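The entries below keep to the order in which I looked things up.

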Amino acid sequence: MTDSEQQLVRYPIPPVDAIEPPPEWERLRQQCPVAHVQLPSGDQATLLTRYDDVRQVLSDARFSRTAEGSARVSAEGTGVFDRRRPGVPQSGDGHQRWRRMITKWFTAKRMAALRPSIEAMADQLVDGMVAGGQPADLKAALGFPLPVWVICELLGVPASDRERFSYWSDTFLNLSRYSAADMEAAHAEFAAYMTGHIEAKRAEPGTDLLSDLITGTDAAGHKLTDEALVSTGMGLLIAGHETTTNMIGKMMAMLLADRTRWEQLLADPALVRTAVEEALRYDANAGFGMIRYVTEELELSDGVLPAGTTAVCSMASANRDERIFADAADMDLTRSPNVHLAFGAGPHSCIGQSLARTELQVVLEVLLRRLPTLALAVPSAELPLVEGLLVGGLREVRVIW
């Protein structure tokens with residue numbers, strides 16, 4: 001691919017529909033795996049689409065999401081990737097100590113203990129969806145309220161505020177939907193809300209994650225500052241519901257788009273775990289990807305990234321890399337091992353991935369048990385896509401049963 005052709009690549013590349021990946025992914029993997037792209041802000045970045053390159057950059061502890069001089073993502077010059085989390089170390093030992101304070105809340109043991117209550121809530125939400133009649137929006141009835149309830153339980157935040165969380169979250173993940181003024185106002189409101197919540201927790205600590213962070217110290221004996229507590233609470237609330245909410249809808253769209261997939265799971269519910277992993281790999285509507293600011297020259301198998309490069313790592317394209325996954329274009333519910341990069345890799349991989357996996361597995365188990373005749377109310381190609389945000393997803397998933 002010539003330089004002039006590279007300059008024509010605008011990112012993000014729009015998905016075809018809920019299921020099909022853009023054909024540009026394969027073309028870039030084959031012809032230009034280290035491609036120059038233009039972001040909505042007008043700034044330049046480098047897009048990585050092959051598995052090995054994406055994994056190498058994400059796994060390199062030297063590089064963080066943002067730094068002085070990195071490309072701006074949003075046309076407004078703001079957004080989740082353009083804002084540092086005040087008080088939270090973005091790399092090095094400090095970042096790892098901060099992560100360890102949080103990851104102890106997402107161990108396999110804790111997830112096993114939490115699983116029965118997640119299942120009970122999912123059953124309750126399915127009851128409500130069925131009572132409301134069909135067709136129903138699976139995302140609104142189950143995909144949105146379940147992850148919000150779970151993360152609010154963990155943080156000790158009232159789930160009754162979920163509509164406010166949703167709006168604030170969308171502004172943090174804005175690409176083109178909101179103005180700079182909208183975003184600044186929402187960010188200020190969210191920070192004030194979390195500040196008040198943390199003050200209340202400090203006065204009366206509970207058994208939740210935020211209370212633990214307020215009273216605890218990291219491995220070096222340091223307490224989190226108020227600024228870091230606010231940033232952490234906001235980040236966990238957004239990450240804890242937004243991506244899982246979208247993934248529940250996308251997973252069910254994938255599984256119901258081809259009836260043989262759903263029938264395979266009905267015949268063998270033991271496939272739920274591998275089916276969830278394959279849905280994560282197969283996701284063609286995963287959103288923007290991960291940014292890393294390359295502070296030192298980095299040699300990849302497919303080229304060199306100069307120091308000062310803003311690299312956009314497309315995990316979704318990497319997860320379709322034929323060099324790594326046999327029959328990568330096929331959804332194989334029995335695929336194992338499945339080394340997908342849906343949760344990233346290395347020192348900045350998703351902290352809450354064990355929780356997300358648990359929620360996705362429970363949703364699938366409950367729907368298979370409760371609604372074996374579940375089906376899409378419209379063809380998958382007609383499901384409306386989320387637009388204007390950094391995350392990929394479906395606005396709604398209409399179903400019948």
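Which residues does Met247 touch, not counting residues up to four places away in sequence? I found Met254, Ala279, Leu280, Asp283 and Leu360. I note here that this is a predicted model.

Entry on Met247. I placed Met247 in helix H11, which covers residues 226-257.

Entry on H11 and H13. I looked up the axes of H11 and helix H13 (residues 272-282), which come within 10 Å and cross at roughly 100°. The range for roughly perpendicular is 65 to 115 degrees, so I record H11 as roughly perpendicular to H13. From H11, the contact is made by Met247, Met251 and Met254; from H13, by Val276, Ala279, Leu280 and Tyr282. By class I list seven nonpolar residues in this contact, no polar ones and no charged ones.

Entry on the core. I looked up the largest nonpolar core and found 94 residues in it. Met251, Leu364 and Leu367 touch the most other members. H11 supplies the largest share of this core, 15 residues. Another core, of 20 residues, lies apart from it and includes Val54, Leu298, Cys313 and Leu341.

Entry on Met251. Leaving aside neighbours within four places in sequence, I find Met251 in contact with Val276, Ala279, Leu360, Val363 and Leu364.

Terms used:
Residues are numbered from 1 along each chain as its sequence is written. This is a predicted model: local features need pLDDT of at least 70, side-chain atom pairs count only at pLDDT 80 or more; totals for chains, interfaces and linings use all residues. Side-chain values use heavy atoms; hydrogens and water are left out. Helices (H or I, at least four residues) and strands (E, at least two) are DSSP runs, numbered from the N terminus. Contact means heavy atoms within 4.5 Å. A nonpolar core is a set of buried Ala, Val, Leu, Ile, Met, Phe, Trp, Tyr and Cys residues joined through side-chain atoms within 4.5 Å. Buried means under 20% relative accessible area, exposed over 50%, partly exposed in between (1.4 Å probe, protein chains only). Axes are lines fitted to C-alpha atoms, for helices over the stretch in contact, and angles run from 0 to 180 degrees between N-to-C directions. Angles under 35 degrees count as roughly parallel, over 145 as roughly antiparallel, 65 to 115 as roughly perpendicular and the rest as oblique. Ala, Val, Leu, Ile, Met, Phe, Trp, Tyr, Cys and Pro count as nonpolar, Asp, Glu, Lys and Arg as charged, and the others, Gly among them, as polar.
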